[in-house]
Amino acid sequence: MLAYILRRTLYAIPILIGVNLITFALFFVVNTPDDMARMQLGAKRVTQAEIERWKAAHGYDKPMLWNARAAGSEKLTQTVFFRKSVRLFAFDFGASEDGRNIAAEIRTRMWPSLALAIPVFVVGLALNISFALAMAFFRATYLDFWGVVLCVVMMSISTLFYIIAGQYLVAKLWDLVPISGYNTGLHAIKFLILPAAIGVASGVGAGSRWYRTLFLEEMGKDYVRTARAKGLSEGVVMFRHVLKNAMIPILTGVVVVIPLLFMGSLLMESFFGIPGLGSYTIDAIQSQDFAVVRSMVFIGSLLYILGLLLTDISYTLVDPRVRLE
Amino acid sequence: MRHIGFLGLAAACGLAAAVAGCGEVWNDPYPAADGGKNILYSTFVARPKHLDPALSYASDEAVFTQQVYEPALQYHYLKRPYQLVPLTAAEMPRVSTHAGYSEYEIHIRPGILYQPHPAFARNAKGDFLYQSLSPGQIAALASPYALPGRGTRELTADDYIYEIKRLAHPRLASPIYGLMSQYIVGLPELAARLKRANAEMSAEGRGDEWLDLRKYPLAGVERVDAHTFRIRLKGRYPQFAYWLAMPFFAPVPWEVDRFFAQPGMAQKNFTLDWWPVGTGPYMLTENNPNLRMVLERNPNFRGEPYPSDGAPGDRQAGLLADAGKPMPFIDRVVYSREKESIPYWNKFLQGYYDTSGISSDNFDQAVRVSVEGQAALTPQMRSLGIRLRTAVAPSVFYIGFNWLDPVVGNAGGGEAAERARKLRQAISIAVDMEEFLSIFANGRGLVAQGPIPSGIFGYRAGKAGINPVTHVWRDGAARRRPLADARRLLAEAGYPGGRDAHSGQPLVLYLDTVTRGPGDQARFDWWRKQLAKLSIQLEVRATDWNRFQDKVRKGSEQMFFLGWNADYPDPENFMFLLDGAQSRALHHGENAANYDNPRYDALFERMRDMPDSPERQRLIDAMVSIARNDAPWIWGYFPKDYLLFHGWLSNVKPNDMARNDVKYLRLDPVRRAVLRREWNRPVVWPLAIGLALLVALLVPAFVGYRRRERMAARPAA
């Protein structure tokens, strides 16, 4: 398995270079360094000389990908792409375009993101599996029928609606929790209850319906009939056999997102004023801060690759037939 | 099973009764210990990019910088039109003019102290305590204020000089360097020397080290004595006094610059751009621009007295009740970040923010506009004790015609130019800005009759102020000219019925604008409809800000929608938007329409440097008349600010030129605490119902599960 992990890690390097290159290309198709300078300096009274000064101060005064005027390897190294990208592989994210240290920002902002994402993930997963198991257990009954109807209704409603309705009812009309905001330590709990509940509620419909389908598919297989024929109770069949065998498709979707919990939720963090990495990314896109966008895409890609690797490893844990070679 | 259901319901009811009896407020976003304290709660939407006075140019950053930094001058809080008064200066600058240059002598009041800060801290021997910190020591700090020692020192003229030099710092890229280098003698030369010095330091691997600006003289700035300095400008630039009221010209002590330049500081985000240090009434003690910014009273602040005089009506409005009392009145200011308008508005209604603007979504809930156009609060707002203040902003939004365009501009020359002028006038009549304000801004604005907004010298109200090209004065009000006038002008322009008289082709015009999303479609449709009144087809080319700016810079647009916020309350700051020398496409200036009329330009040159006087008004009138006739803009509108605040806050007066208004505000925290409790009693019955519902669902499920587990095998069908 170690060799497999090592090989996958090495595969990650060209993927990350490719992602970096695509991010670079896409960003600079839309924004030029002059646009970035104007965004930072403001739209008023900015002369071309000031723009050039800003570009020089921030390292955007070089050619993008190929420096024809330089000699030797500097043709490649004396470019915006090389100077801005290579350091990422040493996890040196540098400073944002407005001069703030990105690593310090990430260290600060990851905790609020995780404080919201982990409860939503854990509670949501437990609730989805429980609800799906209940529907599968009571399959072809009114409980199953109305459960599916409820799931379809819930998954048809936009997350934005859950947020606005939740804020209106729970925080404004009933005055039960703050509408938005955040604090550190245990003081964060009262700010997280509502967004976490909304996060869970908005995912229940799609999640439960999907897991129900997985469970029903497993329940139609021969080994389940055999288990029943052996006289096992339905509860034992469901929890010891069906749930276990349905774990592989569940893990496929679940484990891959675990590392990405770190990246935060763009919508929730914006609406609830949670200072996490999701809102950091949105702010960076809006302010055309390439340094932050590039760093967040890099981290996102890395975490996604890590998630896929963890998914592969998790298969071996739930299914002894799977071997990583 | 029935027992379980009853038990659950009883538990839920018990819980509900218990919590309802507590009388606590559950939704308070602030620590309970802060209840009843003299703290102002406000918001910020966008995270500030810069708090360094040499870099910060945005109004949402000025909210913080102007409480901390003190330039030599400030705007009078109450008087209108806006008036400059001394802040740290003992008196207004003495201005002397000489052959080819002018000089500003500024005398700073002695005895002004900086806020307590580790950068000034010294030991018993007089050596600095924290100017040689190791990277390890810095890495262990949570904030610069985690260092236990504090110090201060007196404000001197050298600190102002140091900051002026920072405008030319190669590592800072100040947005006003380009403008100031045209005026301040020696600034370009200083920038060149600093650039060389910085390059040498970089070559030696010391590119991040502190660049001591004291070693580099600036020819145009002279230290007279410890509290006096002179700034020499090329030629005359009377508007320079306004710049002296901006943070760009606030003092920066070299000790602070050196403190933050220590290796390891930037990696912790400990920079002057992040942690401002000044002499103002407040100091920034918590800087988390993702969540919260906190200002606390500067214990070294000298206690500036509240103004004793103001504008007519201020005394009756209670704005002079604190006259002569030492400021600030508030101990602490907590700015929370609110990116979305819904939570912001609801928290204001719950009493958790002391002031609020009004978004379009909430306008009808907050304000009713009478048929006479008077805005008043709704009964709901009045019942909460909320008050409203309005003011016309020193801003203008307009639709410009590109002067370089052959159809709507002057590029055709001769007869074609005259046809284009009539076409512009016809369109100016047809575009009904009164309707635009009513539909898209809830009536929050004044229809512009020229480039100068109300409240700025040169503005004329009433009949004397109407634009005769687009309006007539009837029944005591400005009325838009009938469409028949526009159609006549259109025919004279060679487009009868919206078609080219020669080719018969329909007239198609193009409007460039920035789009913010699908919500803008209604605005675009409205514009099309306005030109359709003249049978002119309008193509709206909506794009992002960068592409839009690019088109305007190249002069490739035909018509465009744009706005301008004043830097300072002088007519020059609006009239220069039509100065030919400021053409955006030709000279990279601020004249986005590229309008060019030598008569206008000549009058502008004369008006620009004049003090406000009848003669200046006469010149402005003449210039406005020329511009109205040429119609390079559809004059658009001047937006109106609506500010709501709770009854426990006093001394509130909108001030669009300055943001150092916190020191003037007073609040009654006890009244606020009482009302907050009254307004935010938790409603717990939904919790009980939710719990009961859960039990009602779980119990049958559990019963069903048990029944199935015990069920005997069913016979095959």
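Which strands of chain B does helix 4 lie across, and at about what angle does it run to strand 6? Helix 4 (residues 157-166) of chain B lies across strand 6 and strand 7 (228-234), and its direction is at about 175° to that of strand 6 of chain B. Keep in mind that this is a predicted model. Here's a quick tour, starting with chain A and then coming back to the sheet in chain B.

**Chain A**
- Chain A is built with 15 helices and zero strands.
- Its C-alpha trace spans about 80 × 60 × 35 Å along the principal axes.
- Chain A has 325 residues, and 37% of them count as buried.
- Take the contacts in chain A between residues at least 6 apart in sequence: 66% of these join residues at least 24 apart.

**The sheet in chain B**
- Chain B has an open sheet of four strands, ordered 4-5-7-6, with antiparallel pairing.
- Strand 4 (94-98) and strand 6 (221-225) of chain B each have a single partner strand, so they stand at the edges and one side of each is left without a neighbour in the sheet.
- Going from one strand to the next, the twist averages 20°.
- As a reminder, strands of a sheet pair through backbone hydrogen bonds, either parallel or antiparallel.

**A closer look at strands 4 and 5**
- In chain B, strand 4 and strand 5 (residues 101-107) pair over five bridges, in the antiparallel sense.
- For a landmark when you're browsing, find Val95(B), which stands opposite Tyr104(B) in strand 5 of chain B.

Conventions. Residues numbered from 1 in each chain as written. Chains lettered and ligands numbered in written order. Predicted model: local features only at pLDDT ≥ 70, side-chain atom pairs only at ≥ 80, totals over all residues. Helix = DSSP H or I, 4+ residues; strand = E, 2+ residues; numbered from the N terminus. Buried ≥ 20, exposed ≤ 12 C-beta atoms within 10 Å, placed from the backbone. Contact = placed C-beta atoms within 7 Å. Pairing = 2+ DSSP bridges. Axes fitted to C-alpha atoms, helices over the stretch in contact; angles between N-to-C directions.
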